[in-house]
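Take a look at the model below.

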Amino acid sequence: MEPLMAVAIGLLYAAAIFLMLRRSIVKLVIGLMLLSNAANLLIFTSAGMTRGAPPLIPEGMLAPPGVVADPLPQAVVLTAIVIAFGVLAFAVVLIRRAYEIVKADDLDKMKDTDT
């Protein structure tokens, strides 16, 4: 399962970098979101792809019985998803405002404006 995930992560990174190198600001933001999703998958994959029980310790025991899931990567990815959504919302508003002013989606046309 891990080699398949490694290929998927590599493809997501490649697509994200390809889109971020385009001149369209919309493609830049889509590439940024793909990059964030690839990073989230990388964190999950590097933490291990084993299924386990919730990390609860019964009363009177010092360690949980059996295999348990690691909650740290899940918490990190959940936080990253929330941050990525905030960045996406900000970028959409920024794109809309820039398009209203410049009337173009091309990044080369946007760098010549003094408004």
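This is a predicted model: local features need pLDDT of at least 70, side-chain atom pairs count only at pLDDT 80 or more; totals for chains, interfaces and linings use all residues.

Start with the fold. How many helices and strands does the protein have? The count is 4 helices and 0 strands. Read along the sequence, the pattern is α-α-α-α. The protein is more spread out than a compact globule, because its radius of gyration is 20 Å, well over the 13 Å that the globule rule gives for 115 residues. The box around the C-alpha atoms tells you about its proportions. Along the principal axes, that box is roughly 70 × 30 × 15 Å.

Now ask what lies inside. Buried residues make up 20% of the 115 residues. To count as buried, a residue needs a relative accessible area under 20%. In soluble globular proteins, nonpolar side chains tend to be buried together. Which residues form the largest nonpolar core here? There are 6 of them: Ile25, Val29, Ala91, Ile95, Ala98 and Met110. Helices H2 and H3 each supply at least two residues of this core. H3 gives the most, with 3 residues.

Pick out Ala98 from that core. Set aside its neighbours within four places in sequence, and Ala98 is in contact with Lys103 and Met110. Across the whole protein, consider the contacts between residues at least 6 apart in sequence. Of these, 54% join residues at least 24 apart.

Next, move to Arg96. This residue lies in helix H3. Is Arg96 buried or exposed? Arg96 is exposed, because its relative accessible area is 60% and the cut-off for exposed is over 50%. Compare its place in the sequence with its place in space. Arg96 and Val26 are 70 residues apart in sequence. In space, their C-alpha atoms are 9.9 Å apart.

Last, find the largest pocket. Rolling a probe the size of a water molecule over the atoms shows where empty space is left. The largest pocket has a volume of about 210 Å³. Which helices each supply at least two residues of its lining? They are helix H2 (25-47) and helix H3 (71-102). Among the lining residues are Phe44, Ala47, Asp70, Pro73 and Gln74. The lining also includes Gly48, Met49, Thr50, Arg51 and Gly52. Val68 and Ala69 line the pocket too. By class, the lining has 6 nonpolar, 4 polar and 2 charged residues.

Note on methods:
Residues are numbered from 1 along each chain as its sequence is written. Side-chain values use heavy atoms; hydrogens and water are left out. On a 1 Å grid over the protein atoms alone, a cavity is a set of points where a 1.4 Å probe fits but cannot get out, and a pocket is an open set with protein on both sides within 12 Å along at least five of seven lines; lining residues have an atom within 4 Å of a point. Grid points are joined across faces, edges and corners, and a volume is the space filled by probe spheres set on the points. Ala, Val, Leu, Ile, Met, Phe, Trp, Tyr, Cys and Pro count as nonpolar, Asp, Glu, Lys and Arg as charged, and the others, Gly among them, as polar. A nonpolar core is a set of buried Ala, Val, Leu, Ile, Met, Phe, Trp, Tyr and Cys residues joined through side-chain atoms within 4.5 Å. Buried means under 20% relative accessible area, exposed over 50%, partly exposed in between (1.4 Å probe, protein chains only). Contact means heavy atoms within 4.5 Å. The radius of gyration is taken over C-alpha atoms; the globule rule is 2.2 Å times the number of residues to the power 0.38.
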